[in-house]
Amino acid sequence: MAMEKDLNPHSPRIRKLRENSHPNTSTSRMCNNNQRDNHYQNILNSPRDYNYAPSSPTARTRHRRRSSENLSEVSRSNVSRVSNLLLGDKNKYKSMWIRTCSSLWMLGGVMFIIYMGHLYIWAMVVAIQIFMARELFFLLRRVHEERRLPGFRLLNWHFFFTAMLFVYGRMLQQQLVNTVSSDRFIYKLVSGLIKYQMVIWYFLYIAGFIWFILTLKKKMYRYQFGQYAWTHMILIVVLAQSSFIVANIFEGIFWFLLPAALIAMNDVAAYFFGFYFGKTPLIKLSPKKTWEGFIGASVATIISAFFFANVLGQFQWLTCPRKDLSTGWLHCDPGPLFRPEYYPLPFWIAPFSPWKEISILPVQWHAFSLGLFASAIAPFGGFFASGFKRAFKIKDFGDSIPGHGGFTDRMDCQNVMAFFAYIYIHSFIVNQYSVEMILDQISRGLGDEEQKMLYVKLGDILQHKLQGRF
Amino acid sequence: MQKGIAGDAPSPPTTRVRHRKRNSDIGAGAGKTNGNHLLVNDSSKYKSFLVRAYSTIWMIGGFALIVYLGHLYITAMVVVIQIFMARELFNLLRKTHEDKQLPGFRLLNWHFFFTAMLFVYGRILSQRLVNTVTPDKVLYRLVTSLIRYHMAICYSLYISGFVWFILTLKKKMYKYQFSQYAWTHMILIVVFTQSSFTVANIFEGIFWFLLPASLIVINDIFAYICGFFFGRTPLIKLSPKKTWEGFIGASITTVISAFLLANIMGRFLWLTCPREDLSTGWLHCDPGPLFKQETHTLPGWISDLLPWKEITILPVQWHALCLGLFASIIAPFGGFFASGFKRAFKIKDFGDSIPGHGGMTDRMDCQMVMAVFAYIYHQSFVVPEVLSVDKLLDQIITSLTLEEQQALFMKLGQMLQEKVIGS
């Protein structure tokens, strides 16, 4: 490749190549203007071209570093380091405008879908998941090998469909049964499918496995195995996240909306704090992030978690769990977490504010933990994605959203947060084995005589316990 | 036995193979070229046969001893095998040069391993653990609260490993570290899925562990023997030593022996009773309808040939036929996968723990596919027939609070009354 020999970074050939690789995104234009000052932009600028030998970017960096040191003293390199941060960036206002526009559009779309209901949110999650999987499937595919393996892409989608069936089958079996319980024939069909869902899923998976083995081609083993492992990793990452999100949704939209809003809030606050105050770099992986942005965003996120929970917790549409797959309005008893409790304000605040007491929903204390996690740990999802992009020398996962990159770029922190929210809910908020669940198991799994036997035995045990107490 | 590092350039081995094939072409007639790899024409086959037979007998002997000792020891054996497999696989694609620059990275692998073990065995054995400590009040409370927060504990361990990984990313090693991370996840998934399903099967009754495992062993042995004596047509390019004759012979033998083995094994209470806690004593239980003998009268034309008028069949033998069918047809694909994998990464064996056989992973590759199938089959077709009142009662007592139990009691009463009124 000619690039390996051409080490002069300012040669017209290389500048032209860079400009051609990113014609539309404003960030690349901004990068091209700051080429001389940015060490890290070397890696970010090269397109998804892992075929290039790894020595050339580092050689170019070394060359550039040498030339910059020759040209100037330490102060120049200090300036160049600071200019990595948003503070000294000339085109930052333009990029901010583009990001704000697309953020507002995304926000508007999400709010509309939330208004529509649980089923539509689920559909949105599935659509996002398909986009993410497609972006990630494309990433490490090599076009040259791909031509010699027709039908291999189809295998990826087969595994995707199988995984989706598995995940949503398990999560939504209860809701599905409740939806069709009116019609006896479909009820039997659906319960039969659910009873044997593991077997169905397993055979689909084994069929894909056997298909994979039968299509192993002689000199392509390594590529195919790499793709197989890559497919599994993608499916696990993408589907685990979306399955947790869907499970949270059906517990109540609150448990989906609050974590997602906290992540978005953290991102936006970090961006603005970094914009105005950012000086100290946070981590080598993401040179644009600063400690000021991080800490400012943490404080803002935790405080807003407290208030968001109060605001969101007052709507029944958001707090009621959905027991079936219908789309109508919900009425339920939201449970002790969402009943407001009144605390009189301490005397030193009372003179300043017109209210004598404040109402706090108990769920707001839980929101503190969620906010803490969202600000402290969830950014590591973003660091992981940055490190990944750096390791494989790609700038963005895709280019579906202007100013933000692909869907995976947006969802990387959401991923970690959704997982945490699910585990938090199921450990500290919801009881895993609820009375309804066990009643269902009893009515579905046991015959009439066995149910009576269970009733009698349970009565005995409870009587024993009550007697043992006195 | 070359454990080639993944970074080898692909060209020299293939030219070597082509060169070898050319030699054999020149040296002999057409009949010998295809058969060079087959066991039938291998001259030193008797010696390798002896080595394999010797280690096989030792493995079977040790295995039988552990089955005799009980559920807990079998679980311990599975855990040990799993640790060996994970170690072999972790070592495989490691590059020593990069490893020197990343101290503590191997520790990260074992951290994830320990987290996965806690997660998997905690879920499977939680009920049994609770049953073991029921007599002691303090331990009972401790154990039930640990189980309630089990998911949260495992999650925090995993997230700390994740954060640790990100904080140790070193500048020029990103790609190596990310591939190692992905590789670790894949290994843990493969190893733990299999062993978790195996352990779940064991506690349902040693029968459900022993039968699938023996079927795989029988399939392997008879494929080897049939290939030894009759093998001519190669089966698949991935494993040149396997033949169609061996495959078909082994299938028939496996299905027949599945039928007979299930009958023999089903008579022992030690093998068929589920274990409700983690003790090691003798088991007495009602094995359930699957293991009750049914006598069928033989049809007329067979009873004339054989001295018996009727045969006793345990209903479980029909299930065993399905297991045998799967073991002979689908499970070998696990072996093909492992062969393809070794070929892709140019390694001869996963390890060298077992003489004549290679490493632990070489022996367990088909077992993995079978264990998953056995578990799913058991959960889907066997368990719903025997969902017991006692199990549900156990679940109710351990996972609900007293008030919830009373609420359940009242609602159940209402439900039953409605049924009586309605019918």
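**Figure 1. The interface of chain A and chain B.** Chain A and chain B bury about 6900 Å² between them, 80% of it on carbon and sulfur atoms; buried area is the accessible area (1.4 Å probe) that two parts lose on being put together, summed over both. The model is predicted: local features need pLDDT of at least 70, side-chain atom pairs count only at pLDDT 80 or more, and totals for chains, interfaces and linings use all residues. Residues are numbered from 1 along each chain as its sequence is written, chains are lettered from A and ligands numbered from 1 in the order in which they are written, and side-chain values use heavy atoms, with hydrogens and water left out. At this interface, 72 residues of chain A are in contact with 66 residues of chain B, where contact means heavy atoms within 4.5 Å.

Figure 2. Three residue pairs, both residues at pLDDT 80 or more, are in polar contact between the chains. A polar contact is a pair of N or O atoms within 3.5 Å; within protein, one must be able to donate a hydrogen and the other to accept it, and residues adjacent in sequence count only if both atoms are side-chain atoms.

**Figure 3. The side of chain A that touches chain B.** Elements giving two or more residues to this side include helix H5 (55-71), helix H12 (197-214) and helix H19 (407-429) of chain A. Helices (H or I, at least four residues) and strands (E, at least two) are DSSP runs, numbered from the N terminus. H21(A) gives the most, with 15 residues. The residues of this side divide into 48 nonpolar, twelve polar and twelve charged; Ala, Val, Leu, Ile, Met, Phe, Trp, Tyr, Cys and Pro count as nonpolar, Asp, Glu, Lys and Arg as charged, and the others, Gly among them, as polar.

**Figure 4. The largest nonpolar core.** Of its 186 residues, Tyr202(A), Phe254(A), Phe165(B), Phe207(B) and Leu211(B) touch the most other members. Helix H13 (residues 221-251) of chain A gives the most to this core, with 15 residues. A nonpolar core is a set of buried Ala, Val, Leu, Ile, Met, Phe, Trp, Tyr and Cys residues joined through side-chain atoms within 4.5 Å. Buried means under 20% relative accessible area, exposed over 50%, and partly exposed in between (1.4 Å probe, protein chains only). Leaving out residues up to four places away in sequence, Phe207(B) touches Pro212(B), Ala262(B), Met265(B), Gly266(B), Leu271(B), Thr272(B), Phe291(B) and Val316(B). A second, separate core of eleven residues includes Leu439(A), Leu458(A), Leu408(B) and Leu416(B).

**Figure 5. Asn109(B) and its contacts.** Asn109(B) is found in helix H6 (residues 105-132) of chain B. Asn109(B) counts as buried because its relative accessibility is 4%. Apart from neighbours within four places in sequence, Asn109(B) is in contact with Phe90(B), Arg94(B) and Thr184(B).

**Figure 6. Two tryptophans of chain A, Trp105(A) and Trp157(A)****.** Trp105(A) is found in helix H7 (residues 92-116) and counts as exposed because its relative accessibility is 73%. Trp157(A) lies in helix H10 (residues 152-179) and, at 27% relative accessibility, counts as partly exposed. Not counting residues up to four places away in sequence, Trp157(A) touches Ile130(A), Arg134(A) and Phe137(A).
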